[in-house]
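User: I'd like to learn how to read a model like this one, feature by feature. Can you take me through it?

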Amino acid sequence: MRLWVVASLGLCLAELLISTVTHLVYGLYIFSSAVAFDIVEILNNHHLRKLRIWETVADIYSKPNIVDADRSRDIGNGPYFEGYEVAPIVLVHGIFGFGKGKLGGMSYWAGAEKKDDRVLVPDLGSLTSVYDRARDLFYYLKGGTVDYGEEHSAQYGHARFGKTYDQGHYPEWDENHPLHFVGHSAGVQVVRVLQQMLAEKKFQGHENSSESWVLSVTSLSGALNGTTRVYLDGMQPEDGKTIKPIFLLQLCHVGVIIYDWLDIAWLKNYYNFGFDHFNMTWQKVGVSGLIESLLGNVGPFASEDWILPDLSLQVSVELNTKLQTFPNTYYFSYATRKTRKLFGVTIPSVMKIGKTMMEH
């Protein structure tokens, strides 16, 4: 019996070590790629500025009396899409994802936001809950201070109000100016929760909201019914909400808490887990607050107000009973897979990073 316990513990520790090394290497690869992209972009921009100066000088001397019609024409690429008849598209990332402006020049969506001004890519926090992300997404679009709701905030132990958007990215959003939404992985559940909130008029000061504000919802490998992956990552299969004692997620929990507690501005501008409304920084909670968070007594991991519990089968079933589909909205769902050939046999590809994150 004792030998079995020792062997079992040894296997758990070995699995933890392998998972930790794999994820650290993967994370380092992503981070170093982002830094490399930034360096290349800075050099390219410097080179392009020089070229533009010489082009301008040459243009002035070669065509002093000619006005370039293309340069003087108003093409209507304003920040709020004035003059466009096509509804803008909002791309909502999944777990560990990021929006425009994060991780340097990298793009979660293969650079889609750089190809058309009508494509919006919000940064909603990589580990925050589906509910909190839906609230963030609303105010990102309409503008104003994020209001997580008095009841929800009290239940989960975080501040009621979050980030302030001085001006929304699509403030005219309403049923006459609806939006298309595309969600990847957990992102599609964020969109569905947001639409339900709009239908139930859950945003104070916006009582005219309705489900018709959403023209379409497209799911890309969406976790519409949860995923068993969360149990492989370390969630308890019995409840889908708590973390196993010896598992990679415990290290993730420690790393995220310390990252937020240190509150290094340039790092959080580069990548943010999205837990600012939990007020876990060293200035606000001190060393004692850090210890309490690491012990799991306070914070998102204690209250279960973060993304992985929301992706468990148990919580997903419960959530889906509260979500509706609406007749005036188009719904699309696409399943995807990534495979590779090995000696002529098709096998899953788990190590190679997707092209989605590597293009500008």
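This is a predicted model: local features need pLDDT of at least 70, side-chain atom pairs count only at pLDDT 80 or more; totals for chains, interfaces and linings use all residues.

User: Where should I be careful, and what is the pLDDT over residues 60–81?

Analyst: pLDDT is the predictor's confidence in each residue, on a scale from 0 to 100. Over residues 60–81 it stays under 50, and the model has 20 contacts there beyond four places in sequence; contact means heavy atoms within 4.5 Å. Residues 351–360 are also below 50 in pLDDT, with 31 contacts beyond near neighbours in sequence. For the chain, the mean pLDDT is 82, and 73% of residues reach 70 or more.

User: How many helices and strands does the chain have, and what share of its residues is buried?

Analyst: Helices (H or I, at least four residues) and strands (E, at least two) are DSSP runs, numbered from the N terminus. Here you get 12 helices and nine strands. Buried means under 20% relative accessible area, exposed over 50%, and partly exposed in between (1.4 Å probe, protein chains only). Buried residues account for 40% of the 360 in the chain. As for contacts between residues at least 6 apart in sequence, 69% join residues at least 24 apart.

User: Which residues touch the most other members of the largest nonpolar core?

Analyst: The general idea: in soluble globular proteins, nonpolar side chains tend to be buried together. A nonpolar core is a set of buried Ala, Val, Leu, Ile, Met, Phe, Trp, Tyr and Cys residues joined through side-chain atoms within 4.5 Å. In this model the largest one has 65 residues, and Leu137, Leu141, Trp173, Phe181, Leu194, Phe275 and Trp306 touch the most other members. Take Trp306: beyond four places in sequence, its contacts include Leu127, Met235, Ile243 and Phe275.

User: Which residues make the nonpolar surface patch?

Analyst: Patches use residues with over 30% relative accessible area and no salt bridge; like charges are joined within 9 Å, nonpolar side chains (Val, Leu, Ile, Met, Phe, Trp, Tyr) within 5 Å. A salt bridge, by the way, is a side-chain nitrogen of Lys or Arg within 4 Å of a carboxyl oxygen of Asp or Glu. Val254, Ile258, Leu262, Ile264 and Trp266 make a patch of about 420 Å², with areas from the Shrake-Rupley method and a 1.4 Å probe, only the protein chains shown counting as cover for residues. Helix H7 (residues 248–262) gives the largest share, three residues.

User: Is Ile258 partly exposed or buried, and what about His253?

Analyst: Both sit in helix H7. Ile258 counts as partly exposed because its relative accessibility is 34%, whereas His253, at 6%, counts as buried. Beyond four places in sequence, His253 contacts Ser293, Leu294, Gly296 and Phe301.

User: What does Phe326 contact beyond its sequence neighbours?

Analyst: Phe326 lies in the loop between helix H12 (313–320) and strand S7 (330–334). At 9% relative accessibility it counts as buried. Leaving out neighbours within four places, Phe326 contacts Gln195, Gln196, Ala199, Glu211 and Tyr331. Its C-alpha is 9.5 Å from that of Val214, 112 residues away along the chain.

Key. Residues are numbered from 1 along each chain as its sequence is written. Side-chain values use heavy atoms; hydrogens and water are left out.
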